[in-house]
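Me: I am new to this structure and would like to learn how to read its charged pairs and its ligand site. Please take one feature at a time.

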Amino acid sequence: MSVLIFIDQSEGVIKKNSFEALSYGAKVAELTGQEAVGIVLGQVKHDLPSLGKYGVKKIYQVGKPELDHLDAQVYTQVLAEVVQQTGAVTIIFSNSLTGKSVAARLAARLKAGFVSGAVALPDVSNGFVVKKNVFSGKAFAYVSVNTPVKIIALNQNAYAVSAGEGTAEVIALDIAVPAPKVKVTATNKVTGTVPLGEAEIVISGGRGLKGPENWGMIEELASLLGGATACSRAVADVHWRPHHEHVGQTGLAIAPNLYMAIGISGAIQHLAGVNRSKVIVVINKDPEAPFFKAADYGIVGDAFEVVPKIIESVKKLKSH
Ligand SMILES: Cc1cc2nc3c(=O)[nH]c(=O)nc-3n(C[C@H](O)[C@H](O)[C@H](O)COP(=O)(O)OP(=O)(O)OC[C@H]3O[C@@H](n4cnc5c(N)ncnc54)[C@H](O)[C@@H]3O)c2cc1C
């Protein structure tokens, strides 16, 4: 019996959320007396044995080029076969875009109990109870999973990466890849900027910035810090910024290490997409702005005075 941890990759690069999932999965294995193993689909550039430092002894790989890019239906079928071949009974995903689209399908296929948005290790003292976020992070629920096969999708930034010593044995699995039902004929990517969904630092602006002509300072700060830019829906709705930058309940949900909200009120629908960020910094001239309640650091002030000062300080720091 094992805990199988899905290792997510994009263009051959293993994503940071996979390290969180591996660390979490290794601990779940320890708690339940199982073996922790990883699974990678597609070809990767990463040194897979080195992932042993997160606590897995084995990593299975179905390294076929047809699996280099996500196709949720194909991934589900291949993973179902992996579960069957390896006898895994607990499967861990990161609750990322990939995890969200594959884990639920796999749960349906395996008739497994599924917890999405887990925020803590399961309590195994009496059954298998997992704490998860509900209502866009406004409350928690404790879910008892009673099926033999269990699937957990771990929220990003909910569990700290823990790395130690050790290397993993990489085992190639020869599993037939089913023909895809849909074919991607073209992909148009935004180039030259850090992709928002993967950015560690996000500088985000709201209606407090008054107009699109004032986004220069947001872009400058993001570029200085190697981050991405984002915005509130109100801003995207009036076309100050493109819709792919809109974060929140109806936009992209992100979980960067640093989210800086400038001139954004902090409406619940906005918070729903950013409240999993590790550190939130809010700059707002209204001390009563709701965003301050969710902030780790807050600056009450006019963005047009505060942001240029931050830019100046970052430049100074970088020049040393
Ligand atoms: C069903 C539904 C779904 C929604 N989904 C989303 C979503 O996904 N994402 C999202 O963002 N919104 C969403 N909304 C909209 C949301 O409710 C808010 O209306 C929106 O987030 C407000 O955007 P804002 O904070 O930029 O603007 P405002 O609410 O107008 O706030 C502007 C803020 O800027 C501050 N400010 C003004 N001038 C300055 C200055 N010079 N310096 C510093 N601060 C200043 C003000 O004090 C204020 O707090 C949704 C709404 C609904 C009903």
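Reply: Begin with a pair of charged residues: E219 and R241 form a salt bridge, with their closest N and O atoms 3.1 Å apart. E219 belongs to helix α4 (residues 216-225), while R241 sits in the loop between α5 and β14 (258-262), so the pair links distant parts of the chain, 22 residues apart; helices (H or I, at least four residues) and strands (E, at least two) are DSSP runs, numbered from the N terminus. This is a predicted model, in which local features need pLDDT of at least 70 and side-chain atom pairs count only at pLDDT 80 or more, while totals for chains, interfaces and linings use all residues. Residues are numbered from 1 along each chain as its sequence is written, and side-chain values use heavy atoms, with hydrogens and water left out.

Me: What counts as a salt bridge, and how many are there by this rule?

Reply: A side-chain nitrogen of Lys or Arg must lie within 4 Å of a carboxyl oxygen of Asp or Glu. The count by this rule is 10 salt bridges.

Me: Are E219 and R241 buried or exposed?

Reply: Buried means under 20% relative accessible area, exposed over 50%, and partly exposed in between (1.4 Å probe, protein chains only). E219 is partly exposed at 39%, whereas R241 is buried at 12%.

Me: Where in the chain do E200 and K16 lie?

Reply: E200 and K16 form a salt bridge, their closest N and O atoms being 3.7 Å apart. E200 is in the loop between β11 (169-172) and β12 (201-205), and K16 is in helix α1 (residues 16-32), 184 residues away. Salt bridges that share partners join K16, E20 and E200 into one network.

Me: How should I read the pair E30 and K27?

Reply: Their closest N and O atoms are 3.2 Å apart in a salt bridge. Both residues lie in helix α1, three residues apart, about one turn of the helix. E30 is exposed at 56% relative accessible area, and K27 is partly exposed at 29%.

Me: Which residues come nearest to the ligand?

Reply: A residue is near a molecule if one of its heavy atoms lies within 4 Å of it. Of the 26 residues around the ligand, S232, T250, S265, H270 and N284 come nearest.
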